[in-house]
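I opened this entry to keep track of what I looked up, in the order I looked it up. The structure comes first, then my notes.

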Amino acid sequence: MTRSTRRPRRTVQVAGAGAAALLALSACSSSSGSPGAASAASPAPKPSGTVTVFAAASLKESFTTLGREFEKEHPGTKVSFNFGGSDTLAASITGGAPADVFAAASPRTMAIVTDKKDTATAPVTFVRNRLEIATLPGNPDKVSSLKDLTRSGLKVVVCDRTVPCGAAAQKALAASGLKLTPVSYEQDVKSALTKVELREADAAVVYRTDVRAAGDQVQGVEFPESAKAVNDYPIAQLKDAPNAAAAQAFIALVTSAEGRKVLTEAGFLQP
């Protein structure tokens, strides 16, 4: 007695039809999509126009390099920088100065802005920096330590204690138990360094990145107390940024591997 083979064949056909119907429903569902799925697939706005960046003076060389790279990567954009003392920049921002990005030389100065709720994103620490002594080329006064800066007759300049480089210098001096009487307090680190470059001072306490940027115009002297006064540098997009898309793209470049490379080569430490 022979068995029929038709039934299994029909089962396969029915199963195949069911699968086809299921695929059709799936395709229909995918084409209609949910608003969330469509939004996730939407490309980020393309940067254009001018992005205004307020940045600590010590970032001048590295950010200028990154600014040129940003304009190259995004044709039609322009990066406008305002470099200066972080506290002065923070005061300008809270006072209503139009800007897209703020990069400060310390969390304390960034807090001036965040406390006023003038940031659109949470600040991110992207680099760190430590102090170094800048002396005249060849170090004619034989400065080899922080204590040497307290010698009588030596003209020393430091940053004002209200700005990050000055606050760090005071912290290093306190850690070593030293008291220093500078000939002047400068409003940003570049101004302090310029005093030595112009031979208006014998030495200055600045960031090691600024010593490196000055090349053979000064000579750097490291001191161990600087390890107790390392500054974190935070960056954030500002609230009501005139060019939010470009601000986000610039911050992405700064925090990218490419940005880290430029900053590391300038002497900054990774967070």
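I call a residue buried when its relative accessible area is under 20%, and exposed when that area is over 50%. The model I am reading is a predicted one.

**Entry 1: Asn 129**

I located Asn 129 in strand S4, which covers residues 124-129. Next I looked up its neighbours, leaving out residues up to four places away in sequence. Asn 129 touches Ser 58, Tyr 207, Arg 208, Thr 209, Ala 229, Val 230, Asn 231, Tyr 233 and Phe 268. With one of these, Tyr 233, the side chain of Asn 129 makes a polar contact of 3.2 Å.

In soluble globular proteins, nonpolar side chains tend to be buried together.

I then followed Leu 59, setting aside neighbours within four places in sequence. Leu 59 is in contact with Thr 64, Phe 83, Ala 103, Phe 126, Tyr 233, Leu 263 and Phe 268.

**Entry 2: the aromatic rings**

How many aromatic pairs are there? I have the count as 9. One of them joins Phe 63 and Phe 81, a tilted pair with 6.2 Å centre to centre and 45° between the planes. Phe 63 sits in helix H3 (residues 60-73) and Phe 81 in strand S2 (residues 77-84), so this pair ties together parts 18 residues apart in sequence. Phe 63 is buried at 0% relative accessible area, while Phe 81 is partly exposed at 24%.

Phe 70 lies in helix H3 and Phe 250 in helix H9, so the parts tied together here are 180 residues apart in sequence. Phe 70 is buried at 0% relative accessible area, and Phe 250 counts as buried at 0% too.

Last, I noted one aromatic cluster that includes Phe 63, Phe 70, Phe 81, Phe 250 and Tyr 233.

Key. Residues numbered from 1 in each chain as written. Predicted model: local features only at pLDDT ≥ 70, side-chain atom pairs only at ≥ 80, totals over all residues. Heavy atoms only, no water. Contact = heavy atoms within 4.5 Å. Helix = DSSP H or I, 4+ residues; strand = E, 2+ residues; numbered from the N terminus. Polar contact = N/O pair within 3.5 Å; in protein donor to acceptor, adjacent residues only side chain to side chain. Phe/Tyr/Trp six-rings, centres within 6.5 Å; stacked < 30°, edge-to-face > 60°. Buried < 20%, exposed > 50% of the residue type's maximum accessible area, 1.4 Å probe, protein only.
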